[in-house]
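User: Please go through this model with me. I want each label set against the definition behind it.

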Amino acid sequence: MDSAHNASFSEKQQGRSPVPPHGNLSLNFGETYICPVCRHGHITQLALMDVFACDFCRHLFEIHPQQQTIQIVDSAQSLVWHWNGRTWTSRSDLDESLTIFLWLISTFLTIVPASIIGLSAYVFPPLPNSSWVWLPFVWALCTFFAHLAMVSWLMAEHYQFPIYVLSKLRIQRWLTHQP
C-alpha cells in the first residue's frame, strides 16, 4: 500500500496525475492517459485549453467526454479512439471513398512502373549472348521494390501506425543527440 502511495505521490510531484488503473473510469480532463497513437507517451490536458497533448509524439487530441472519445486534430486523417475504462479502442471514422482511392492509387503506383519496364524488356529483349541479359529483370524488380517502399511510407504517414510513429520519433531523437 505504501509503495502505491509513493508512486502516486511521485507522479503528482512531476506535475501529472497517475495513469488511471484498470477499472471503469470515465474519460475526463484531469487525468493522464497512455497515448493511443504512439502507445509510449502520456496525454494530458494543455493548460487553458480543451485539448490533450502527448508528451512523446506531440500529437494534439480533442476530447469528447460524453462519448468517451478523443480525436486527433493535428492530422489530415480524422482518427478517433474510444476509452473503455482501461485502454483505447480505435473507432474507424475513415472516409471510405478516400480510403478506396488511396489503395487504388497505391496499387497503381506500385505495379504499373515495374510492368512498363518488364513489358519493354519483353518487347525489346537483350541480345541472347550479351552479358547484360539479367539487367531488365533486376531493373524491374528494383523499380517494384522502390515504388513499394515509397507507397508503404506514404501509407504509414497517412494512417499513423503506432509502431511507425514510435520508430520515427526514436530515430529523430537519436539523430538530434548525435554530435
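**Labels and their cut-offs**

Analyst: W132, W134, L135, F137, V138, W139, L141, F145 and L148 make up a nonpolar surface patch, and together they have about 940 Å² of accessible area. This is a predicted model, in which local features need pLDDT of at least 70 and side-chain atom pairs count only at pLDDT 80 or more, while totals for chains, interfaces and linings use all residues. Residues are numbered from 1 along each chain as its sequence is written, and side-chain values use heavy atoms, with hydrogens and water left out.

User: What makes a group of residues a patch?

Analyst: Patch residues have over 30% relative accessible area and no salt bridge; like charges are joined within 9 Å, and nonpolar side chains (Val, Leu, Ile, Met, Phe, Trp, Tyr) within 5 Å. A salt bridge here is a side-chain nitrogen of Lys or Arg within 4 Å of a carboxyl oxygen of Asp or Glu. The areas come from the Shrake-Rupley method with a 1.4 Å probe, and for residues only the protein chains shown count as cover.

User: Why is L141 called partly exposed?

Analyst: Its relative accessible area is 36%. Buried means under 20%, exposed over 50%, and partly exposed in between (1.4 Å probe, protein chains only), so 36% puts L141 in the partly exposed class. L141 lies in helix 3, residues 135-159. Helices (H or I, at least four residues) and strands (E, at least two) are DSSP runs, numbered from the N terminus.

User: Is S106 buried or exposed?

Analyst: S106 is buried, because its relative accessible area of 9% is under 20%. S106 sits in helix 2, residues 96-123. Leaving out residues up to four places away in sequence, S106 touches V151 and M155, where contact means heavy atoms within 4.5 Å.

User: What class does R39 fall in, and where is R39 placed?

Analyst: R39 is in the loop between strand 1 (33-34) and strand 2 (42-45). With the same exclusion of residues up to four places away, R39 touches I34, W88 and P162. The C-alpha atoms of R39 and L166 are 8.0 Å apart, although 127 residues separate them along the chain.

User: What makes strand 3 and strand 4 a pair?

Analyst: Two strands pair if DSSP finds at least two bridges between them. Strand 3 (residues 51-54) and strand 4 have three bridges, in the antiparallel sense, so they qualify. F52 has F61 as its bridge partner in strand 4. Their hairpin has five residues between the strands, and R58 there takes a positive phi near 65°.

User: How many bridges join strand 4 to strand 5?

Analyst: Four, again antiparallel, with strand 5 at residues 69-72. H64 has T69 as its bridge partner in strand 5. Strand 4 (residues 60-64) has F61 and I63 on its covered face, and L60, E62 and H64 on the uncovered one.
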